[in-house]
Amino acid sequence: SADSCYELLTYAHRMNIRTLDTAFAYGSAHKTIISFSKNNPDTQFSLHSKISTNDNIKNDIEDFYKKSGRKKIDILYFHSPNLATPENILILKQLQERNLIDKIGISLYTPDEALPFIQNGDIGVFQFPFNPLDRRTRDKDFLDDCKFNGKELIVRSIFMQGLLITPIAKLPTHLIEFAYYLEKLNRVCSEYKIPIQQLLFRFVS
């Protein structure tokens, strides 16, 4: 419900979380954030969002600004690399020149997906999944290339969409193969007497 979302956002802000990552395709997420921001002017967040379609990109973004009253989206990602066509990058670049977007990024899965864009000066941010079971971005050559070309890297899916914090007894049948890895993570947590959430945050920090 909206009330539970507002409670969660209020708690997140109290815990010093200051950035929200969402997408135009995430149902009513934008609507909820807009409503919360208007009703809580002293509890504001930086906003990272994603575009997930080639249709009406410019109109969707401009409509979002009209409804939200926000001055800027801090990072606007293409939700997948196939959306980052020269034509679509130009649209976001024009919005960036109007100060409606701070940075343009791409949400990716592997370093290979980033290679066509690593020397593109209009793309400033790559977003990747990163957790103990998905460490594909820890390739030194790739990280060196990103640093040389001034790319900012932001991680997502540190809980692997909830899998890594799921009790083993509650794993669905099609994910039972991950029980071995969860047992190893749980042993580390027991040894250092920390909850799994803290372990995963430490892993990416």
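**Charged pairs and a helix face**

A: Gladly! Let's start with a pair in this predicted model: Asp144 and Lys140 form a salt bridge, with their closest N and O atoms 2.8 Å apart.

Q: Why are Asp144 and Lys140 separated by about one helical turn?

A: The general idea first: an α-helix has 3.6 residues a turn, so residues three or four places apart point the same way. Here, Asp144 and Lys140 both belong to helix 6 (residues 140-148) and sit 4 residues apart, which means about one helical turn lies between them. As for accessibility, Lys140 is exposed, at 59% relative accessible area, while Asp144 is partly exposed, at 36%.

Q: How many salt bridges does a search of the whole structure find?

A: In general, side chains of opposite charge can pair when their charged atoms come close. Searching the whole structure gives 6 salt bridges. One of them joins the side chains of Glu62 and Arg98, at 2.8 Å from N to O.

Q: Which residue forms a salt bridge with Lys103?

A: That partner is Glu152, and the closest N and O atoms of the two are 2.6 Å apart. Lys103 is in strand 4 and Glu152 is in strand 6 (residues 152-156), so the pair links distant parts of the chain, 49 residues apart. Lys103 is partly exposed, with 32% relative accessible area, and Glu152 is partly exposed too, with 30%.

Q: Now for helix faces. Which residues are buried in helix 8?

A: Take "buried" as under 20% relative accessible area. By that cut-off, Ile196, Leu199 and Leu200 are buried in helix 8 (residues 196-204).

Q: Where do the buried residues of helix 8 fall when seen down its axis?

A: Looking down the axis, you find the buried residues of helix 8 within an arc of 95°, so they line one face of the helix.

Q: And what do the buried residues of helix 8 pack against?

A: Their packing partner is helix 7 (179-192). To try this on screen, view helix 8 down its axis and look for Ile196, Leu199 and Leu200, its buried residues.

Methods
Residues are numbered from 1 along each chain as its sequence is written. This is a predicted model: local features need pLDDT of at least 70, side-chain atom pairs count only at pLDDT 80 or more; totals for chains, interfaces and linings use all residues. Side-chain values use heavy atoms; hydrogens and water are left out. A salt bridge is a side-chain nitrogen of Lys or Arg within 4 Å of a carboxyl oxygen of Asp or Glu. Helices (H or I, at least four residues) and strands (E, at least two) are DSSP runs, numbered from the N terminus. Buried means under 20% relative accessible area, exposed over 50%, partly exposed in between (1.4 Å probe, protein chains only). The arc is that of the directions from the helix axis to the C-beta atoms. Contact means heavy atoms within 4.5 Å.
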